[in-house]
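Student: I would like to learn how to read a predicted model. Please take me through one.

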Amino acid sequence: MSFAAAIKSGFRNYANFKGRASRPEFWWWTLFAVLVQSVTSVLDDTINSIASLALLLPGLAVNVRRLHDTDRRGTWLLWPLITLVVGI
């Protein structure tokens, strides 16, 4: 999967938490998100906030689909939060 195809897939399946995401799709999306956050953090806080909100749901969907591809449930994304709450 190419960079452009991974970005299109991420936005096309932004609310699809079922199915699977390949390794290239996940990593290309992650690179895209890091690049967007890096560029927008330099520009303005408001633009950075908007970009963060725009990438939040598609990023979660790609992460959950990648977990499905590794035979894990999407609830694995909650483990850091649970660990933090239990630790406090």
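Tutor: Start with pLDDT, the predictor's confidence in each residue, from 0 to 100. Helices (H or I, at least four residues) and strands (E, at least two) are DSSP runs, numbered from the N terminus. In this predicted model, local features need pLDDT of at least 70, side-chain atom pairs count only at pLDDT 80 or more, and totals for chains, interfaces and linings use all residues. Residues are numbered from 1 along each chain as its sequence is written, and side-chain values use heavy atoms, with hydrogens and water left out.

Student: Which elements have the lowest and the highest mean pLDDT?

Tutor: Helix 4 (residues 79-87) has the lowest, 87, and helix 2 (residues 23-43) the highest, 95. The mean for the protein is 92.

Student: How is the packing of two helices described?

Tutor: By the angle between their axes and the distance between the axes. Axes are lines fitted to C-alpha atoms, for helices over the stretch in contact, and angles run from 0 to 180 degrees between N-to-C directions. Helix 2 and helix 3 (residues 45-69) pack at about 170°, with axes 10 Å apart.

Student: What is a salt bridge, and how many does the structure hold?

Tutor: A salt bridge is a side-chain nitrogen of Lys or Arg within 4 Å of a carboxyl oxygen of Asp or Glu. The structure holds four. One of them joins D69 and R20 (3.7 Å, N to O). D69 lies in helix 3 and R20 in the loop between helix 1 (3-12) and helix 2, so the pair ties together parts 49 residues apart in sequence.
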